[in-house]
Amino acid sequence: MSMWWSLHLRREAASVPLARRFLLGTMETAGVDPDISYDLSVALSEACANAVEHGGDLGDVGEAREAGPGPLGAGRSGRACGQYRVTAYLDGEKCRIEVADSGPGFSSRRTLRTAAQPSAVHPAGDPSHPRTAVHPPATAESGRGLCLIEELADHVHFGNRPGHGAVVSFDKVLKWREGALLMVS
């Protein structure tokens, strides 16, 4: 058995805990191990916070309030109006989460995480935790979210959608509680 869901959320701070709670509720119902659920919920929170903060032009949020709710991509200008999309797929082996926004996208320095890139935590180049993110200065007030996603997930991809918008997708191998609904047969 597998399941997926997709949320279209406004770029507002209140959307971050909403997405996190939706994911945690789904994983609890399906029977995912709580430690795996926690890791994915933190990674999702970071991806959503990035979409809220960086996921559109400054005018997009105001347009969204004027235009009211609607599907991603709806709006007067034909672009997403202050919204972003979260999609999660759970199957017997893994959970994949994707957060897509309508912002300027990532610089070309953010790419698919590969085993050849060593991690700060695993300097020998442990293939289970390679990294592309550059750590912010210790005194920085922000900038750690993408690094956290890379540490908490098994595979991470930072990309850009054609036109405008960033996409953060990440997945993690699932562990199941005894008697879980979606456990591999």
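Author: Let us begin with burial. A residue is called buried when its relative accessible area is under 20%, exposed when it is over 50%, and partly exposed in between. Please keep in mind that this is a predicted model.

Reader: By that scale, is F158 buried or exposed?

Author: F158 has a relative accessible area of 2%, so F158 is buried. F106, at 19%, is buried as well.

Reader: How is a pair of aromatic rings described?

Author: One gives the distance between the ring centres and the angle between the planes. The structure holds three aromatic pairs. In one of them, the planes of W5 and F22 stand at 75° and the centres are 4.7 Å apart, so the arrangement is edge-to-face.

Reader: Where in the chain do W5 and F22 lie?

Author: W5 belongs to strand β1 (residues 3-10) and F22 to helix α1 (residues 15-30). The two are 17 residues apart, and their pair links distant parts of the chain. With a relative accessible area of 9%, W5 is buried, whereas F22, at 38%, counts as partly exposed.

Reader: What kind of pair do F106 and F158 form?

Author: They form an edge-to-face aromatic pair, with 65° between the planes and 5.4 Å from centre to centre. F106 sits in the loop between β3 (94-100) and α4 (145-152), and F158 in strand β4 (residues 155-160). This pair, too, links distant parts of the chain, its members being 52 residues apart.

Reader: Let us turn to charged side chains. How many salt bridges does a search of the whole structure find?

Author: The search finds five. For such a contact, a side-chain nitrogen of Lys or Arg must lie within 4 Å of a carboxyl oxygen of Asp or Glu. D39 and K172 meet this condition, as their closest N and O atoms are 3.6 Å apart. D39 is in helix α2 (residues 34-54) and K172 in strand β5 (residues 166-173), 133 residues apart. K172 is buried, at 10%.

Reader: Which strands hold R96 and D171?

Author: R96 lies in strand β3 and D171 in strand β5, so their pair ties together parts 75 residues apart in sequence. The two side chains meet in a salt bridge of 3.4 Å, N to O. R96 is partly exposed, at 32%, while D171 counts as buried, at 5%.

Notes. Residues are numbered from 1 along each chain as its sequence is written. This is a predicted model: local features need pLDDT of at least 70, side-chain atom pairs count only at pLDDT 80 or more; totals for chains, interfaces and linings use all residues. Side-chain values use heavy atoms; hydrogens and water are left out. Rings of Phe, Tyr and Trp (its six-membered ring) pair if their centres lie within 6.5 Å; planes under 30 degrees apart count as stacked, over 60 as edge-to-face and the rest as tilted. Helices (H or I, at least four residues) and strands (E, at least two) are DSSP runs, numbered from the N terminus. Buried means under 20% relative accessible area, exposed over 50%, partly exposed in between (1.4 Å probe, protein chains only).
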